[in-house]
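Hi there,

Here is the structure I promised to pass on. Have a look at it first, and then read my notes below.

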Amino acid sequence: MSGPGKKIADVALKASKGIDWDGMAKLLVSDEARKEFANLRRTFEEVNSTLQTKFSQEPEPIDWEYYRKGIGSRLVDMYKQAYDSIEVPKYVDTVTPQYKPKFEALLVELKEAEEKSLKESERLEKEVAEVQELKKKLSTMTANEYFEKHPELKKKFDDEIRNDYWGY
């Protein structure tokens, strides 16, 4: 096989080898995201399989002699001449240059969102760890120990007491 069909099949095959499906699946946290990811992977593999089977096969050459024996050489020669005169136009990709800059911009935006998400995830993990630590110590913690970790609350309570404000 040759031509644009082969090229598409080769690109699809290379793309499928470069995708770390398992690595991406590990990053998903919700069941809905896992479900959508599984649908995406299945669809990608179906399309890739179709491209590989449809475009990877060369058409079988026509046995003109076989048909000459059964039909007659004049009619077969006429069909052979018509078949040989057919020119399959070459595929010219006009879509990729149009969308490549948009795709590149989306990749940059994706990286920025990923970094932001990782930073936020790290911050939230720290916060969860602090809350879990506080939960463990809460039953035995004194007010002074709590105020050491949260001096802004101590200042607020001291101001309320100093100003004789008791919440009513």
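This is a predicted model: local features need pLDDT of at least 70, side-chain atom pairs count only at pLDDT 80 or more; totals for chains, interfaces and linings use all residues.

**The surface patch**

On the surface there is a nonpolar patch made up of I62, Y66, Y67, I71, L75, M78, Y79, Y83, I86 and V88. Together these residues have about 1100 Å² of accessible area. Two helices, α4 (64-70) and α5 (73-85), each give two or more residues to the nonpolar patch. Of the elements, α5 gives the most, with 4 residues.

V88 may be a handy one to find on your screen: this patch residue sits in the loop between α5 and α6 (96-137). Is V88 buried or exposed? Its relative accessibility is 71%, and the cut-off for exposed is over 50%, so V88 counts as exposed.

**The largest pocket**

The other thing to look at is the largest pocket, which holds about 660 Å³ of space. The elements that give two or more residues to its lining are α3 (31-55) and α6. The largest share comes from α6, with 8 residues.

In total, 17 residues line the largest pocket. If you want to centre your view there, M24, L27, L28, L110 and E114 are the lining residues that lie nearest its centre. What kinds of residues make up the lining of the largest pocket? They divide into 11 nonpolar, 3 polar and 3 charged.

Happy to go through any of this with you.

Best wishes

Key
Residues are numbered from 1 along each chain as its sequence is written. Side-chain values use heavy atoms; hydrogens and water are left out. Patches are made of residues with over 30% relative accessible area and no salt bridge: like charges are joined within 9 Å, nonpolar side chains (Val, Leu, Ile, Met, Phe, Trp, Tyr) within 5 Å. Accessible areas come from the Shrake-Rupley method with a 1.4 Å probe; for residues, only the protein chains shown count as cover. A salt bridge is a side-chain nitrogen of Lys or Arg within 4 Å of a carboxyl oxygen of Asp or Glu. Buried means under 20% relative accessible area, exposed over 50%, partly exposed in between (1.4 Å probe, protein chains only). On a 1 Å grid over the protein atoms alone, a cavity is a set of points where a 1.4 Å probe fits but cannot get out, and a pocket is an open set with protein on both sides within 12 Å along at least five of seven lines; lining residues have an atom within 4 Å of a point. Grid points are joined across faces, edges and corners, and a volume is the space filled by probe spheres set on the points. Ala, Val, Leu, Ile, Met, Phe, Trp, Tyr, Cys and Pro count as nonpolar, Asp, Glu, Lys and Arg as charged, and the others, Gly among them, as polar.
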